[in-house]
Amino acid sequence: MLGNLQQGKHTLIIAPRRYGKSSLAERAIEQSLLASVKINFHLCTSEAEVSQLVLDSVIKLIGKSIGQVEKLMSSVKKYISNLEPLLSFEGDQVKLKLTPRNQLNHAVIISEALLLLEKLLLEKNKKAVIFLDEFQEIDKISKQRGLEGAFRTAAQEMHCLALIFSGSVRSLLLSLFEDENRPLYKLCRKIKLDRIAAEDYEKHIQKIALNTWEKHLEESTFNKIMERSNRHPYYVNYLCDAVWEASLKIPSVQDVENAWTNVVIEEWSDALRELSDLPVGQRRVIKYLANNRVESIHSQETCIALSMPTSSIATAVHVLIEKDYIEQSKNGHYNVINPLLLAVLRGAEDSRNQLL
Ligand SMILES: Nc1ncnc2c1ncn2[C@@H]1O[C@H](COP(=O)(O)OP(=O)(O)O)[C@@H](O)[C@H]1O
Ligand SMILES: [Mg+2]
């Protein structure tokens, strides 16, 4: 990852929600010591907002990486034709403004702004990074694929500016970048984040245990943390926070169980809300998969248990995988990825709630 940034290569980070994609990108950028901006497309709802965000970010990055915009004006003018450069004076600061000339083609604005930055960096022999987070939103906003095309046009000409793409709907991102017919095909080096191995967590967690209680956790206690959190990075953090907060002395397996119960109780209603937003078929299937070890979704047994036709089950499973709710493990059965949803789906089975 760091190598990519230093060589001006683009990167695509793929993993389910809350696996640490954004953290990884931010850490790599920090270590690269390169000038950078992060663009988060999460709240964008239109092409106009996307192009404005890109323009603002490019200007910010020009300031950070090259500085002194007033000395750049002749170069800036040389490299743009659809944007109008203006200098404004705010206090003792000189700010660059780029306003689109009459026609408003957002794709053109985006690629021109990105390429302007690239050319300025090249001229000054500098490097910089743009982190494009929640990039899947682009797909939702731009139905004609114009915006994807704009990023591609610019990205393929970059040597000094490295892009990092990330986002949370894995299948959507993969189709953006791996479908031969789409503009962003084969543009990036791909990094797939898997769950972190228990041994790696162990080194880290035992070090903190030693610091806190002057002792290592028992193997069984550590294993319980791994089991309950399912090594999901976000929930490892969450559960450890809860365990550490509740324990004055070295915690036991039971302390981990109690802390996890509290986490589940705390998150219960949010998790239920998320599950109740799923269409009925998907909800029924995910609940079944949480409570049964299912090797084949096409089996008679599964159909009868769910009282759904095979085709509907297959569709639901497909969508649940697409949305990163479930994954198929190496030995073929289906797992719920998020340990909290798993706990709620299992708990809902026995008592608390008839909603599911
Ligand atoms: N390597 C890691 N080990 C443990 N926890 C991590 C790691 N990387 C990130 N986290 C934690 O996981 C959570 C989700 O991280 P984030 O980077 O926001 O994920 P994403 O962008 O994939 O949704 C954060 O609370 C973060 O502190
Ligand atoms: Mg993120």
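Strands β3 (residues 83-90) and β4 (residues 93-100) pair in the antiparallel sense over eight bridges. Strands here are DSSP runs of E with at least two residues, helices are runs of H or I with at least four, and both are numbered from the N terminus. Two strands pair if DSSP finds at least two bridges between them. Pro85 has Leu98 of β4 as its bridge partner. Two residues lie between the strands of this hairpin, and Gly91 takes a positive phi near 65 degrees.

The model is predicted: local features need pLDDT of at least 70, side-chain atom pairs count only at pLDDT 80 or more, and totals for chains, interfaces and linings use all residues. Residues are numbered from 1 along each chain as its sequence is written, chains are lettered from A and ligands numbered from 1 in the order in which they are written, and side-chain values use heavy atoms, with hydrogens and water left out.

An open sheet is formed by five strands with parallel pairing, in the order β2-β5-β6-β1-β7. Its edge strands, β2 (35-40) and β7 (189-192), each pair on one side only. From one strand to the next, the twist averages 15 degrees. Strands β2 and β5 (residues 128-133) run parallel and are joined by six bridges. Within this pair, Ser36 is partnered by Val129 of β5.

Helix α2 (residues 21-32) lies across β1 (11-14), β2, β5 and β6 (161-166). Its direction is at about 175 degrees to β5. Axes are lines fitted to C-alpha atoms, for helices over the stretch in contact, and angles run from 0 to 180 degrees between N-to-C directions. Helix α3 (residues 47-65) touches β2, β5 and β6, and makes about 165 degrees with β2. Contact means heavy atoms within 4.5 Å.

Elsewhere, the axes of α13 (residues 280-291) and α15 (residues 310-322) come within 9 Å and cross at roughly 80 degrees. Helix α13 is therefore roughly perpendicular to α15, a term for angles of 65 to 115 degrees. Gly281, Gln282, Val285 and Ile286 of α13 meet Ile313, Ala316, Val317, Val319 and Leu320 of α15.

The residues around ligand 1 (a heavy atom within 4 Å) include Pro16, Arg17, Ile196 and Asn237. Oxygen atoms of ligand 1 lie 2.7 Å from a side-chain N or O atom of Lys21 and 2.5 Å from one of Ser23. The protein covers 65% of the 570 Å² of accessible area that ligand 1 has on its own, by the Shrake-Rupley method with a 1.4 Å probe.

Note on methods
Polar contact = N/O pair within 3.5 Å; in protein donor to acceptor, adjacent residues only side chain to side chain. Parallel < 35°, antiparallel > 145°, perpendicular 65-115°, else oblique.
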